[in-house]
Amino acid sequence: MTRTGALPPHAAEPTGVWSSKPFRRLWLAVSLSGLGLWLSVPALAASAAAAAGGGPAAQARSAGLVLAVMALPAVLLAPLAGTVAARLDARVLLTAADALRFALVLSVPLVGAAPWTVVAAFLVALLALPWTAVPDAAVPALVGADRQGVDRQGEELQGQARRAVQRAAFGAAPVAAVLFAVLALIARAADLADLPLYASAVVFLGAAASVALLRDLRGGGAPGTAPWPLLLVVRGVAAPRGLFLAAAAAVLTTAAIVAVAAGHAREMGGGAAGFGSVLIGLTVGLAAGIFLGPRVLGPFSRARLLGLAVVAAALLLIVIALVRDLVVVVFVTSFMSVAAGMAWSTAAGLAGEPADEQAAAPARLRAVALVTGLVAVAVLPPLAAALGDNAIGSYELAGTGAALLIAAVPALLAGLLAYRRLDDRRGIPLLPDLLAALRGEVYTPRSRAAEQAAAPRNRGVFIAFEGGEGAGKTTQARLAAIWLRDHGYDVVTTHEPGATKIGMRLRAMLLDKQNTGLSARAETLLYAADRADHVANVIRPALERGAIVVSDRYVDSSLAYQGYGRRQPVDEIARVNAWATEGLVPDLTVLLEVPPDTGLGRLASPADRMESEPREFHERVREGFRALAEAHPDRYLVVDASLPQNEISRLVQDRIREILPDPVPAGTEDITSTFPAITDV
Ligand code: TYD
């Protein structure tokens, strides 16, 4: 069942990692440390601007310098962190890092000199590096996944833990932005300009304390595994691809705002609190966009969405550059960030797709983001200062606005170029494609639709039986086929995986318990490969000659097992399968519903590779099937598999009868007037 419609997101993640107390503590420490960092960034930038004195130009330059030096360590030194961390005690290293950051941030208002602020900012960012290297290496031991070796459950736990830690580190950014804005307001009212700095220092101290108490933290970094960001980018420049162009443009729009926001907000009379408000709009928008990216417009091409989101972000950046009202700027910034966030998560999704021939694509994407961000914060503030305010007629264009305009131009061009390069639906007009996606459909141009309608293919009927293990699909599929044959239909019964010669080999690989460690993506592709062969050589030829095809399992099995079961994005699997089957969707899918315990208990032969998965896996598969059926009730019959066999057969026959064609070709009926009535057997 190929379905590209928006699907319900995965069922909630299991509580697996959260049941580990040491992991929860690490998560808390990472959240605090992240909060300290994200709070220190605007606090240090604002403090540098204030310490610089002079006019807005000098202030913008100082703030920009702080931002640039804070981006430097991640760009230049990130891989070293793993190497250093591998040699030191993890707990001591992280505790020392944040205790030092506490002292550094605290020293800034005490010293009160711009050069020291810059040095301290660099060191604060440098000391953030162990916080990415250590948790990444320590996670397996903390969640107990190291004992489970490299089996799938262990991998799943590790993946879940790493994602949770990453979300904690980045999710702290919007919280920090809100905190910064509030603190800036209080600071102004209480005449305590350095309040955000003090707060950030305290949060670092909290992070240091919480990690110091984490006795179970072991394992340092992994030396030499992280790639060098600059190297990745330099290699990528030789063959710039649409994907990286788009990602760079999306990052450019947001980094440009970060780079000049302090000055831009001040231009509009906003001060530090205004700067904070812009940052709130930015971070919250980004988080929302990243969340929405894979979820909106299910049937719409991701490649097109990426290009469009970048172009939208660049156009909104132009609006931000030209408008001189802080409230409007904050709003538009949040919309722009939603677009940029969507572009980012879409690009990340595309970079992770198996179709991507570059294994290093996700790492390169991050590298591109870091370098683009660094360039933006290094170049734009001095540019804004150099441009200064200009009057165009009666309109005053501030230096910051001009710098944003200049950043928007390459972002827009890159977005347009990326759209052209990545477009995977060339020749299909954008607007109807988008409107159809809004209705949850895939747009087919009229000429093509007419072609498809006129084509003799698909004259038969395609029925799929789906369900978890031991649901009794095979029996019911066989009974339905017998019933149909009895009524004079040409019926082809088939199954997945393994209905063709090649398919049988794939089946052997897929179900052999000896094949441990098969990656979820490889598994998905093998099932899809079996299906592609099945459709091309069995199902489609049968349908074309007008037969009724009854298949034991089809695309929904992949969506349920590989998507929900293995926790892979269901819409991506739907897309891979839509391609594999050339969009062939069953006319009816019969879902036999059975609780995993009952179903697995019914199995007679020894469990194969899939059947040996843990109970929770089969629970997710069941949820997945249910969600799929609920999303398209018109094409499904859901039957309780615990009913007596003949009762199930009756329900199935009643439903199949509704979609059956006339078994005698239309032309012959007039002559013979034989219309076999279908009765229950
Ligand atoms: P099979 O022996 O055909 O069992 P069943 O009677 O349950 O259909 O084994 C097929 C196994 O492969 C089953 O556990 C489900 C799994 N599977 C997937 O994970 N993805 C798929 O796309 C398909 C078709 C099957």
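Two strands count as paired when DSSP finds at least two bridges between them. The legends below apply that criterion to a predicted model.

**View 1. An open sheet of five strands with parallel pairing.** The strand order is β4-β5-β3-β6-β7. β4 (491-495) and β7 (636-640) are the edge strands, each of them pairing on one side only. On average, neighbouring strands of the sheet are turned by 20° against each other, with direction ignored.

**View 2. The pairing of β3 with β5.** Strand β3 covers residues 461-467 and strand β5 covers residues 548-552. Five bridges link β3 and β5, and the sense of the pairing is parallel. Within this stretch, F465 stands opposite D552 of β5.

**View 3. Helices α18 and α21 against the strands.** Helix α18 (residues 473-486) packs on the sheet and touches β3, β4, β5 and β6. The direction of α18 makes about 155° with that of β3. Helix α21 (residues 555-565) lies across β3, β6 and β7. Relative to β3, α21 runs at about 25°.

**View 4. The contact of helix α1 with helix α6.** The axes of α1 (residues 21-52) and α6 (residues 130-142) come within 11 Å of each other and cross at roughly 170°. Angles over 145 degrees count as roughly antiparallel, and α1 is therefore roughly antiparallel to α6. On the α1 side the contact consists of P22, F23, L26, A29, V30 and S33. These meet W131, P135, V139 and L142 of α6. By class, the contact has nine nonpolar residues, one polar residue and no charged residue.

**View 5. The largest cavity, with about 120 Å³ of space.** Its lining is made up of 15 residues, of which G468, E469, V594, H618 and R622 are the closest to the centre. In the structure as a whole there are three cavities of 30 Å³ or more. Three elements each supply at least two residues of the lining of the largest cavity: β6 (588-593), α23 (596-602) and α24 (615-631). Helix α24 gives the largest share, four residues. The lining divides into eight nonpolar, four polar and three charged residues.

**View 6. Two backbone exceptions in loops.** Most residues other than glycine have a negative phi, and most peptide bonds are trans. The bond from E496 to P497 is cis, with omega near -10°. P497 is placed in the loop between β4 and α19 (501-511). R567 is not a glycine, yet its phi is positive, at about 60°. The loop that holds R567 lies between α21 and α22 (570-580).

Conventions: Residues numbered from 1 in each chain as written. Predicted model: local features only at pLDDT ≥ 70, side-chain atom pairs only at ≥ 80, totals over all residues. Heavy atoms only, no water. 1 Å grid on protein atoms, 1.4 Å probe; cavity = no way out; pocket = protein on both sides within 12 Å on 5 of 7 lines; lining within 4 Å. Points joined across faces, edges and corners; volume = space filled by probe spheres on them. Nonpolar A, V, L, I, M, F, W, Y, C, P; charged D, E, K, R; others polar. Axes fitted to C-alpha atoms, helices over the stretch in contact; angles between N-to-C directions. Parallel < 35°, antiparallel > 145°, perpendicular 65-115°, else oblique. Contact = heavy atoms within 4.5 Å.
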